[in-house]
Amino acid sequence: MPPRPPLPPFTQATAHQKVKLAQNLWNTKDPQKVAAAYTPTSIWRNRSHFFNGHKAITQFLSQKWAKEKYYILRKELFAFQDNKIAVQFWYEYQDALDQMKWKRCYGIEHWTFDQEGLMEKRMMSGNDIIIGEDGDGMGRWFEGVGPDGVDETIIPQGHV
């Protein structure tokens with residue numbers, strides 16, 4: 001697989017760049033493109049799901065985005081060291097398996113990269129809340145915002 005710059009060890013600037021590249025990639029909602037940013041044997045923990053490899057990643061993401069309609073994500077650099085990055089993230093979506101209620105996920109990810117800049121380990125913890133009364137979406141942060149405008153959205157200090 002070709003290298004995926006920026007490569008470790010990361011600086012403040014390259015870690016931030018890597019986070020925003022991941023944000024943009026995930027906002028494509030293309031499981032094949034996203035999986036290509038990971039090593040062929042990448043290890044994942046996503047909430048209570050544990051799996052590894054491109055095939056499992058692609059399958060997981062396909063199911064995720066079949067459920068999470070109108071998905072839009074923002075990631076922010078939390079910390080970094082050498083070949084590791086931690087991010088805080090928020091995303092909003094309509095839940096196709098729960099009467100199309102609007103939800104927001106808050107979470108943290110810990111990433112480990114190989115020397116070619118591919119992610120070899122992704123550990124994610126996240127919690128969902130319903131947005132608005134009965135999931136009507138009132139109070140959405142990313143309402144009317146596309147992937148190109150997600151970084152300009154002000155995230156409230158209390159995250160409500």
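User: How are residues numbered, and which pLDDT do local features need?
Analyst: Residues are numbered from 1 along each chain as its sequence is written, and side-chain values use heavy atoms, with hydrogens and water left out. This is a predicted model in which totals for chains, interfaces and linings use all residues, side-chain atom pairs count only at pLDDT 80 or more, and local features need pLDDT of at least 70.

User: Which pattern does the chain follow along the sequence?
Analyst: Helices (DSSP runs of H or I, at least four residues) and strands (runs of E, at least two) are numbered from the N terminus. The chain has three helices and six strands. Read along the sequence, their pattern is α-α-β-β-α-β-β-β-β.

User: What is the radius of gyration of the chain, and what does the globule rule give?
Analyst: The radius of gyration is taken over C-alpha atoms, and the globule rule is 2.2 Å times the number of residues to the power 0.38. The chain is as compact as a globular protein of its length, because its radius is close to the value from the rule for 160 residues.

User: What box do the C-alpha atoms of the chain fill?
Analyst: The box is taken along the principal axes. Its dimensions are roughly 45 × 30 × 25 Å.

User: What percentage of the contacts between residues at least 6 apart in sequence join residues at least 24 apart?
Analyst: Contact means heavy atoms within 4.5 Å. Among contacts in the chain between residues at least 6 apart in sequence, the share that joins residues at least 24 apart is 57%.

User: What percentage of the residues of the chain count as buried?
Analyst: Buried means under 20% relative accessible area, exposed means over 50%, and partly exposed lies in between (1.4 Å probe, protein chains only). Of the 160 residues of the chain, the buried share is 45%.

User: Is Gln32 buried or exposed?
Analyst: Gln32 has its place in helix α2, residues 31–35. Its C-alpha atom is 8.4 Å from that of His54, which is 22 residues away along the chain. The relative accessibility of Gln32 is 56%, so this residue counts as exposed.

User: Is Leu25 buried or exposed?
Analyst: Leu25 is found in helix α1. Leaving aside neighbours within four places in sequence, Leu25 is in contact with Arg4, Lys33, Val34 and Ala37. Its relative accessibility is 15%, so Leu25 counts as buried.

User: How far apart are the end C-alpha atoms of α1?
Analyst: The expected span of a helix is 1.5 Å times one less than its number of residues. For the 15 residues of α1 this gives 21 Å, which agrees with the model. The end C-alpha atoms are 21 Å apart.

User: Which element gives the largest share of the lining of the largest pocket?
Analyst: A pocket is an open set of points on a 1 Å grid over the protein atoms alone, with protein on both sides within 12 Å along at least five of seven lines; a cavity is a set of points where a 1.4 Å probe fits but cannot get out, and lining residues have an atom within 4 Å of a point. The largest pocket has a volume of about 250 Å³, where volume is the space filled by probe spheres set on the points, which are joined across faces, edges and corners. The largest share of its lining, five residues, comes from α3.

User: How many residues in the lining of the second largest pocket are nonpolar?
Analyst: Nonpolar covers Ala, Val, Leu, Ile, Met, Phe, Trp, Tyr, Cys and Pro, charged covers Asp, Glu, Lys and Arg, and the others, Gly among them, are polar. This pocket holds about 200 Å³ of space and is lined by 14 residues. One lining residue is polar and two are charged. The nonpolar residues number eleven.

User: Which element gives the most to the lining of the largest cavity?
Analyst: A search of the whole structure finds one cavity of 30 Å³ or more. The largest cavity has about 50 Å³ of space, and its lining includes Trp26, Tyr71 and Met124. With three residues, the element that gives the most is β3.
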